[in-house]
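Here is a short briefing on a ligand site and its surroundings.

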Amino acid sequence: MTIVPPPNQKTIQSVCVYCGSRNGNKPYFTDTAQHLGTMIAEDGLNLVYGAGSIGLMGITARAAIQAGGNVIGIIPEHLNDIEITQEGLSELHITQNMHQRKKMMFDRSDAFIVLPGGLGTLDETLEIMTWAQLSLHQKPVILINLNNYWSPLLELIDHIIDDGFASSDNRNILQVVESAEAAVKLLKVSPASQATSKSELF
Ligand code: AMP
């Protein structure tokens, strides 16, 4: 079934995927990354990511490239060797540092999807959430809670809210789905934010 967004609504063109620089140790991690990359490309969305060829990052990017997608990689100079920049990217941007990378990934994207990953993925996810909390942007952030991988994070966020250290509004920053397919379906019906992002304040 094709989902068509309401008329006159600015649609999402570019999606940033945050995910692991490792594969994880269960086959569904890599399967889902592959599926997500393919669907992003088949839906005509630009994929923005950290430019590496390793882990779920590389799997997502290669799947999107193979499906004919437009893939934009952004990597800091010092990680060029460590994360082994993916070949065949439509655009490759090399930044001086991590902060420039994260800001450029933000600026080039209308929405964010989070796959399973490690500390870097967690950092990127929490940062995009805290920027939303500070009203610096209103771009959708979709978390793929694959086989409950991210449930401990969701429980921690609930705990923080329950003990009075964050507003209950923060429960709404992440849109939680369970599969790559559900994430892309949600993107297709989410309007692109009309609000001006204040990324100069990042
Ligand atoms: P990981 O989830 O740790 O495998 O890392 C996923 C991606 O996040 C990799 O491209 C890392 O370079 C990146 N990353 C790692 N640490 C950070 C950080 N502190 N801030 C932003 N990105 C990071």
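Sixteen is the shell count: of the 16 residues around the ligand, Ser 21, Glu 83, Gly 118, Gly 120 and Thr 121 come nearest. A residue is near a molecule if one of its heavy atoms lies within 4 Å of it. This is a predicted model, where local features need pLDDT of at least 70, side-chain atom pairs count only at pLDDT 80 or more, and totals for chains, interfaces and linings use all residues. Residues are numbered from 1 along each chain as its sequence is written, and side-chain values use heavy atoms, with hydrogens and water left out.

- A polar contact here is a pair of N or O atoms within 3.5 Å.
- Glu 83 places a polar side-chain atom 2.5 Å from a ligand oxygen atom.
- Gly 120 has a polar backbone atom 2.8 Å from an oxygen atom of the ligand.
- Glu 124 has a polar side-chain atom 3.5 Å from a nitrogen atom of the ligand.

**Cover and shell**
- On its own the ligand has 480 Å² of accessible area (Shrake-Rupley method, 1.4 Å probe). The protein covers 78% of that area.
- Helix 3 (98–107) and helix 4 (119–133) are the elements that give two or more residues to the shell. Helices are DSSP runs (H or I) of at least four residues, and strands (E) of at least two, numbered from the N terminus.
- Helix 4 gives the most, with five residues.

**Aromatic pairs**
- The structure holds six aromatic pairs (ring centres within 6.5 Å).
- Phe 29 and Tyr 149 form one that is edge-to-face (planes over 60 degrees apart), at 5.7 Å centre to centre and 85° between the planes.
- Phe 29 lies in helix 1 (residues 27–42) and Tyr 149 in the loop between strand 6 (141–144) and helix 5 (151–162), so the pair ties together parts 120 residues apart in sequence.

Note on methods
A polar contact is a pair of N or O atoms within 3.5 Å; within protein, one must be able to donate a hydrogen and the other to accept it, and residues adjacent in sequence count only if both atoms are side-chain atoms. Rings of Phe, Tyr and Trp (its six-membered ring) pair if their centres lie within 6.5 Å; planes under 30 degrees apart count as stacked, over 60 as edge-to-face and the rest as tilted.
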